[in-house]
Structure formats: C-alpha cells, structure tokens
Amino acid sequence: MKKLFNKKAFALVLCLVLALTAMMTVTAFADTEPADGAAVSETAETAADSVTGTKAMASAIAIGIAAAAGAIGMGMAIAKSAEGISRQPEAEGKIRTTMMLGLVFLETVVIYALLTVILIIFVL
C-alpha cells in the first residue's frame with residue numbers, strides 16, 4: 001500500500017508551524033511601559049493594536065490547523081470506508097454507520113476549535 005506522507009517530514013513541518021506560531025505571539029508579552037513615562041496613551045494604543053493583531057493571527061492559525069486536520073481525517077475515513085464497502089459489499093450498512101459516526105466526531109472537534117477561536121477573539 002502506498003504511504004500518504006512521510007512521518008518524519010510531517011513531524012518536522014508540525015514543529016516548524018508551532019515554532020512560528022510561538023514566535024508570532026511574543027509581541028503579546030512585550031513591555032508596553034515607556035522608559036521616560038511620556039506618551040503613555042500612544043503606547044497603550046499600540047499595545048492594544050498589537051494584542052488584537054496577535055489574537056487575530058493566533059485564531060486564524062488555530063482554526064486553519066483544526067480545519068485542515070479535520071479535512072484530512074475525513075478524507076482518509078471516507079476513502080477507507082469506500083475501500084471496505086468495495087471489498088465487502090454485504091457489510092455496507094455497518095461500515096456506513098461507523099463512518100458517519102466517525103465523521104460526526106471529527107466535525108465536532110472542528111466546531112470546538114471554532115468556538116475556542118470565537119472566545120479568544122471576543123472574550124479574552
């Protein structure tokens with residue numbers, strides 16, 4: 001059977017994505033107080049914009065990863081169920097039921113990610 005992806009390459013790409021995400025959120029922890037005490041309002045506005053931008057980027061990355069992972073999982077599940085049905089047509093009902101249950105769980109994870117992103121944007 002042909003492999004869909006190399007596990008080492010996938011792990012490397014995942015580590016790089018996580019490292020880039022961590023580097024983009026560093027601005028949220030930056031010092032917002034000016035050294036001389038001047039222009040406090042300008043610094044506060046800049047800090048608020050920085051936090052808002054960081055929230056937007058983190059939310060976009062989170063929902064993007066969740067949606068991509070869900071889509072890959074759903075594609076693999078549908079492919080395997082179609083293969084199983086073609087090999088054993090008499091078990092079509094059981095295979096379809098199990099596939100639908102799995103797809104519901106995968107979609108639920110993506111919806112939870114969406115709810116988490118909405119909470120990050122509007123509540124935090």
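Which residues make a nonpolar surface patch of about 1,000 Å²? In this predicted model, local features need pLDDT of at least 70 and side-chain atom pairs count only at pLDDT 80 or more, while totals for chains, interfaces and linings use all residues. Residues are numbered from 1 along each chain as its sequence is written, and side-chain values use heavy atoms, with hydrogens and water left out.

The patch is made by I111, Y112, L114, L115, I118, L119, I121, F122, V123 and L124. Patch residues have over 30% relative accessible area and no salt bridge, with nonpolar side chains (Val, Leu, Ile, Met, Phe, Trp, Tyr) joined within 5 Å and like charges within 9 Å; a salt bridge is a side-chain nitrogen of Lys or Arg within 4 Å of a carboxyl oxygen of Asp or Glu. Areas come from the Shrake-Rupley method with a 1.4 Å probe, and for residues only the protein chains shown count as cover.

The secondary structure comprises three helices and zero strands, in the order α-α-α. Helices (H or I, at least four residues) and strands (E, at least two) are DSSP runs, numbered from the N terminus. V104 counts as partly exposed because its relative accessibility is 48%, the class between buried (under 20%) and exposed (over 50%; 1.4 Å probe, protein chains only). The C-alpha atoms of V104 and M74 are 9.6 Å apart, at a separation of 30 residues along the chain. Of the 124 residues of the protein, 11% count as buried.
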